[in-house]
Amino acid sequence: MTAAVEADALVKTFGDIRALDGLSLRVEAGTILGLLGPNGAGKTTAINVLTTLLRPDSGHARVAGHDVVDEPALVRASIGVTGQFASLDAGLTPRENLVLFGRLMKLGRAEARRRAAELLERFALTEAADQRTGTLSGGTRRRLDLAASITREPAVLFLDEPTTGLDPRSRLALWQAVRELRASGITILLTTQYLEEADELADRVTIIDRGKVVAEGTAAQLKQRVGGAVCHITIADPTDRQLVADALTSLGPVSLTSDGVSLPASGPETLVAVVRQLDEARHGGLPIAQVDDIGLRRPTLDDVFLALTGHSAAPEAGAGDEVERLARPAAEVAS
Amino acid sequence: MTAAAPAATLAGPPPGAAVTDPRPALATDVAVLAGRHLRLMSRRPASIISAIVLPLVFALLFFTVFSRVMRRSGIDYIDYLLPAVVIQTVFFTGMSAAILAAEDALSGTLRRLRAMSVSRSAPALGLLAAELVRSVVSLGVLLAVGAALGFRFHGGPWKALGFPVVMLAFGAALVTCHIALGLAIRRLEAVTTATNLIYFPFMLLSSAFTPASAFPSWLRPLVEQQPVSRVADALRALTAQDAALARPLLIAGAWLLGLLLLGVVGATRAIGRPS
């Protein structure tokens with residue numbers, strides 16, 4: 001297979017922060033890669049480098065066969081970009097927005113209008129076509145955004161957290177639209193914070209943390225590494241958490257989370273074992289005051305992170321994101 | 001753990017890749033983006049008010065308040081006033097440009113355009129073109145109401161043609177500076193404050209609305225020399241019957257060239273900054 005996106009040891013620093021710390025990744029032509037990581041992991045910086053918006057300090061990247069630093073114009077001509085920033089004009093109608101994109105992508109007037117009509121049809125936007133974009137729902141606007149980014153079929157499409165902030169129904173509709181784009185042969189690099197989203201859409205998943213790749217594989221392979229389901233015991237009191245964790249060590253590798261204790265589960269029998277173990281510990285005189293909840297759940301990004309990096313995805317998230325955002329204006333841009 | 005293959009196996013464009021001319025076409029981009037701004041302005045009450053209603057209100061207000069006083073000192077005030085409200089309109093146009101530029105930077109529009117095959121300078125030039133079209137509309141409105149109040153070009157058709165040319169040159173210089181300001185500040189309230197801090201001193205401490213002789217003598221040199229007064233001098237020379245033309249035009253031209261240069265350098269630097 002050939003690679004449509006290939007990044008090799010990308011480094012990008014903002015002051016003291018290494019937003020990208022030797023990031024390498026590869027997206028095979030015609031597939032979807034899910035770039036998964038918490039806020040501040042470097043996802044947006046990676047997208048900015050690959051879409052020629054930022055020049056890396058070191059490392060190389062090729063998109064659709066063109067070097068992002070040496071041939072930015074060729075890269076820009078081969079890509080579509082869309083994301084959490086909905087940058088369509090609220091004062092224009094969806095049809096006008098799409099015609100505008102067509103014109104900027106050098107389609108003739110008539111061709112741009114024809115293409116806009118086609119895209120409105122394809123993305124189920126005909127009903128909203130002639131209302132002001134600003135009055136449409138978040139999900140509809142995101143679909144329009146997606147339509148605009150493929151006005152001139154790109155070889156590679158970058159989707160930066162395409163469903164962040166969407167309600168579940170809009171999210172399902174957007175997923176369907178993304179799947180159809182892949183079916184039409186477009187290579188897609190998708191960033192997300194949701195394991196579920198990567199699981200639904202991506203052929204392969206690359207997990208990054210602090211600007212580095214921490215794991216790579218299919219979603220199934222990654223979940224296997226976490227060990228399928230997780231048994232989570234919710235405990236309000238932190239000292240109780242430690243007591244419970246100690247009491248359960250015989251059942252498997254127990255980890256402390258922000259609101260309780262987790263351990264890998266093989267099925268409902270793990271629940272029974274946990275309850276029995278806690279009961280025995282109580283009878284043995286262990287002063288466990290309050291267990292709020294015990295349940296089985298599917299692994300989340302946080303579990304994957306715990307399993308792969310030994311630290312939780314959540315705590316550093318806010319801080320890292322803030323630093324990346326604040327540091328950006330000082331950085332240099334690829335021309 | 002790393003996913004990338006060595007650089008030697010890098011692939012060419014995948015099959016089905018869009019064959020697109022990577023060279024952006026500046027003229028098309030500017031025209032398309034100017035059209036975008038004009039369409040958005042035409043749907044924005046604030047734009048219509050500041051382009052058409054405010055200039056009219058100021059023209060009528062100043063005329064009503066000052067024309068009798070000025071006539072007593074031998075000045076036909078509508079002839080004196082029109083260049084002033086034209087200059088004021090150009091300032092309003094500049095404010096609009098600063099706000100629209102900042103909005104495009106804040107909304108992610110500029111970021112998105114930068115990842116497309118669109119010329120680097122096209123967003124700024126498109127906005128400039130749109131604002132110049134807007135100021136032509138304002139000028140038309142002002143000339144119509146001015147004519148109704150008695151304004152005339154006394155110097156013949158050639159000088160009359162020079163009038164919009166000087167106005168547009170002033171517009172190009174001022175709007176470029178304001179676009180630079182909007183792109184550099186990128187916070188809407190701060191942009192509004194900054195444009196007011198430029199507008200009020202330059203407009204009020206000038207010979208636009210009242211002759212320099214009306215200012216205290218220590219302030220007079222400043223009032224006479226500053227660019228807004230110099231542009232007013234040039235515009236008035238073009239409306240008068242037999243005023244010397246070369247000197248005011250040259251001085252105004254030099255100021256405008258300097259302002260334009262300032263704006264171009266500022267805008268270029270601001271565009272180079274990542275959003």
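The end C-alpha atoms of residues 46–270 of chain B lie 26 Å apart, and this span is 80% helix and 0% strand. Helices here are DSSP runs (H or I, at least four residues) and strands are runs of E (at least two), numbered from the N terminus. The UniProt record, an unreviewed entry, lists residues 46–270 of chain B as "domain: ABC transmembrane type-2"; its positions follow the numbering used here, its feature names are shortened, and its annotations may be inferred rather than shown by experiment.

This is a predicted model, in which local features need pLDDT of at least 70, side-chain atom pairs count only at pLDDT 80 or more, and totals for chains, interfaces and linings use all residues. Residues are numbered from 1 along each chain as its sequence is written, while chains are lettered from A and ligands numbered from 1 in the order in which they are written.

**Chain B**

Helix H9 of chain B covers residues 227–239. Its 13 residues reach 19 Å from first C-alpha to last, close to the expected 18 Å (1.5 Å times one less than the number of residues). Eleven of the 13 residues of H9(B) are buried, meaning that 20 or more other C-beta atoms lie within 10 Å of their own; 12 or fewer makes a residue exposed, anything in between partly exposed, and C-beta atoms are placed from the backbone. Among the buried residues of H9(B) are Arg230(B), Asp233(B) and Leu235(B). The buried residues pack against the helices H3, H6, H7, H8 and H10 of chain B.

Gly74(B) sits in the loop between H2 (45–72) and H3 of chain B. Gly74(B) counts as exposed because it has 6 C-beta neighbours inside 10 Å. Gly74(B) and Ala208(B) are 134 residues apart in sequence and 17 Å apart in space, C-alpha to C-alpha.

**Chain A**

Chain A has twelve helices and 14 strands, and 48% of its 335 residues count as buried. Of its contacts (C-beta atoms within 7 Å, placed from the backbone) between residues at least 6 apart in sequence, 69% join residues at least 24 apart.

Helices H9 and H10 of chain A pack at about 110°, with their axes 10 Å apart. The axes are lines fitted to C-alpha atoms over the stretch in contact, and angles run from 0 to 180 degrees between N-to-C directions. H9(A) and H10(A) are therefore roughly perpendicular (65 to 115 degrees). The residues in contact are as follows.

| Helix | Residues in the contact |
|---|---|
| H9(A) | Val244(A), Ala247(A), Leu248(A) |
| H10(A) | Val274(A), Gln277(A), Leu278(A), Ala281(A) |

Conventions: Contact = placed C-beta atoms within 7 Å. Parallel < 35°, antiparallel > 145°, perpendicular 65-115°, else oblique.
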